Amino acid sequence: MKKLLLSVNGVRHSFSGNPEMPLLWYLRDTLQLIGTKYGCGKGLCGACTVLINGEATRSCITSMKSVAGKKIVTIEGLSQAGDHPLQKAWQECNVPQCGYCQSGQLMQAAALLKAKPKPTDAEIDEAMQGNICRCGTYQRIRQGIKLAAGVKS
Amino acid sequence: MSGVVRVSRRGFLKASFSVGALILCARFMPGQALETLAAADMWQPGVYLGIEPDGTVIIVAHRSEMGTGIRTALPMVAADELDADWRRVRVEQALGDPKYGDQNTDGSKSIRDFYEPLRRAGATARLMLERSAAAVWGVPVVQCRAHNHQVVNSDGRILGFGELVTSAARQRLPGMAELRFKTSAECRYVGHGVAIVDLGDICTGKAIYGIDARLPGMLYASIERSPVLGGTLKSYDGKETRTIKGVRRTVLLEAARPPYGFQALGGIAVLADNSWAAMEGRRKLKVTWEAGPNSDYDSETFRKSLLATVRQPQKVVRNIGDVEAAFARGGTIHEAEYYVPHLAHATMEPPAALAEYHNGIVTIWTATQNPQAVQETVAKALGIDKSSVRCHVTLLGGGFGRKSKADYAAEAALLSKKVGKPVQVTWSREDDIRHDYYHSVAAMYLKAAIDDKGRPTAWLQRCAFPPISSTFDVSATYGGDGELAQGWLDVPFPIPNLRAENGPARAHVRIGWFRSVANIYHAFAVQSFIDELAAAAGRDRIEYFLDLLGPPRSIDFPAEGTKNPNYGKPLDQYPWETGRLRRVVELVAEKSGWATRKPQKGRALGFAAHRSFLSYIAVVVDLRMDEQGRISIPRVDVAVDVGRVIHPERVRAQFEGAAVFGASLALMGEITAAKGSIQQSNFHDYPLARISEAPFETHVHILPSDAAPTGVGEPGVPPMAPAICNALFAITGTRIRRLPINKTTLT
């Protein structure tokens, strides 16, 4: 079977399974990177968000064949020591409640800050619109992003 | 990496206490003293606290963490009374076991029920440490005070908690009267709070939920279930399924028979080496179902039948004065009908459980609110004793009542037994939306006779909804005492003629508890109707509400002959005090700037206030509607009296979240059935409030109180829908009596 190469959190992996399999299940079931979550399987909730070549992407609808040769970063690889400015801000603001969606929220927010280091409220809402939080931590997510970005609330 | 997520077969409770640890157990039976325990088999029933010889304090969290912070807050209570250094406290999650007492984490009652026992456990351990230090030093105990993980002698000498463990364990157990409790001013954690224990793990992706549990050699299962509750399998063909790489086998799970309770629903399970193969294999199944007796369930027809029910006289559940005579006297009559549809919990983590059956013993790792129900359900499903079911509780990716039911754990256990391997069942989002234990659909009818000031002289209210008890008893059609006491028969206004009624309704889906439960539809009707009466009288809503509420009083339900279960608590301990509701109403009016707010085009405030789970909540919603009819919520003010507050920051978080949860169901929440099948399936057709739709900011105002702690997780939800609809009426003049709001065209 044809092998497919990809990098996950800086580690090279080769994959020879079904090329149609979504990246989410490769991360969770094969690599045991369980920080990336299943929420809907349809790209509707953002819980499975990872960075693919720096872009926030829904891993539940992204096939393995489409990530050949790509660099993937998951929550486990967002920072070496869990000290990404967003991870620090999330703790400072006590953002999480149940915490399940927060990996996806953090990855989405990380991509936002890469693209827009000083986002406005409207830009935050637009970027985070695809990430559902059933506990309703949105105002603290916004607060956390602004703290990490050094933007006044 | 795999080592990180592999679950130890001994489970999450990694640390048994080492030999020599001081172990204390809080008993929950009122009036009983604490006991020092010599052996593990005597640890019952209750929460326990231990100190290792190295000084590590271990506190067992026996309630489930679904986002409220309870796994932190309760251990924090014990740690504070112990005067432990929180950094040297390790929280261990308890397995399901009746020895802990009640573990069903629902009803907003963890702090209410366990604050005192944990305080006592901490205070007892502290006193024993102080006494043992006094003995070591040969000084009077008054000279010895525990402080920050040490006992300090007034002469300057110090002994660490760890050094005192052996001698403390030999101390006589102090009686309740000997205990000294910290004053509020002395508390370092209670009333202040600490970061939740899982915060770092959550932010780095290391936190383990039910869906994340892993065992070597496990199979992943996806289950096809009857689209109509109670449907039976006519035929299935799994040939194509088995062509999917990674699929190991299909397994038929016997269909459950009513009452469904927590039983596994039954269906065809596809087991595979990974989640995706299981899902793909399941998609290839060719299945035909016989729909069965619920195939006539149609939401629109049912709505009409519920409304027809509440238009007719029904069973009286509260009666004061003579409503009929008052109506017969004529005057102005105001009537309204309200309707709230089914709702699905839609926890971000769908139901998931990992089970391993081995030699008559089942070990489960699952996100459950109720590990003892898992034990009972799995034991029944497999025909074994519940002591043979070990249930490890992971973190829960949301609960909201869904995960108090154990059906998914039973599925995993049945499959593991059948295939002889560990099996993890994960519900897809579609499974979750289509096979939930739904929040009940409900219809309400209200009628009032009005005097010349617009005040009601007679008030009649009728409701009908398929009750939760129908899930456990197919003949049940009337609301249970608990449901009716959730904002229906405890309406607080001293109206001279008042009658509450409840009519029958048959369930066609599994009905279950959903964050704040029957309060949602009852508060929607009552708090909307009050606003309607105030509007009809041309009076300020809050002024009118307070006028109706009258002078502060405790409602004497027994004297009026009304049965009010009061959330399982005696009314003399937790009375319904209208003065407490008044104070939060006054507070929210002040904080929201209610009185000084100038009318604006397309923007208005809406108000509602409601007592639930023994807590008093008042809400003002600042609502904006643009010319296209799009709604946004710039601000919510919530004033709460929840008694003594243990963890203010988490309390605020719960009310912030409840404002979003309540806004979501009000604006867009609806589950419907056609021919018995649920018509929604995922977040595109069962939307939840997203960041731009949720309240932009919620300000939580906590009324300082020394009263016993009351509920926090749920009571923020009920006032949201009526407050939003009341604001919408102020903007548009359109009265929303049917949820969700997006059913109504507003422009």
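Predicted model: local features only at pLDDT ≥ 70, side-chain atom pairs only at ≥ 80, totals over all residues.

I'll take chain B, then one of its strands, then chain A, and finish with the interface.

Chain B. Its secondary structure comes to 18 helices and 28 strands. How does the radius of gyration of chain B sit against that of a compact globule? For 747 residues, the globule rule gives a value near 27 Å, and chain B has 27 Å, so the two agree. On burial, 57% of the 747 residues in chain B count as buried. Now the contacts. Take those in chain B with a separation of 6 or more: 79% of them link residues 24 or more positions apart.

Next, a closer look at strand 12 of chain B, residues 267–272. Is this strand enclosed or open? Five of its six residues are buried, so the rest of the structure largely encloses strand 12. Two strands pair with strand 12. Strand 9, residues 219–224 of chain B, pairs with strand 12 in the antiparallel sense, over five bridges. In that pairing, B:Tyr220 stands opposite B:Ala272. Strand 11, residues 247–253 of chain B, also runs antiparallel to strand 12, and six bridges join them. Here B:Val251 is the residue opposite B:Ala269.

On to chain A. Chain A splits into domain 1, residues 4–77, and domain 2, residues 85–149. Their centres, taken over C-alpha atoms, are 20 Å apart. What joins them? Contacts between the domains involve 15 residues of domain 1 and 13 residues of domain 2. On the domain 1 side, strand 3 (49–52) and strand 4 (55–58) of chain A are the elements giving two or more residues. Strand 3 has the largest share of that side, with three residues. By class, the domain 1 side has seven nonpolar, six polar and two charged residues.

Conventions
Residues numbered from 1 in each chain as written. Chains lettered and ligands numbered in written order. Helix = DSSP H or I, 4+ residues; strand = E, 2+ residues; numbered from the N terminus. Rg over C-alpha atoms; globule rule 2.2 N^0.38 Å. Buried ≥ 20, exposed ≤ 12 C-beta atoms within 10 Å, placed from the backbone. Contact = placed C-beta atoms within 7 Å. Pairing = 2+ DSSP bridges. Domains from an automatic or database assignment. Nonpolar A, V, L, I, M, F, W, Y, C, P; charged D, E, K, R; others polar.
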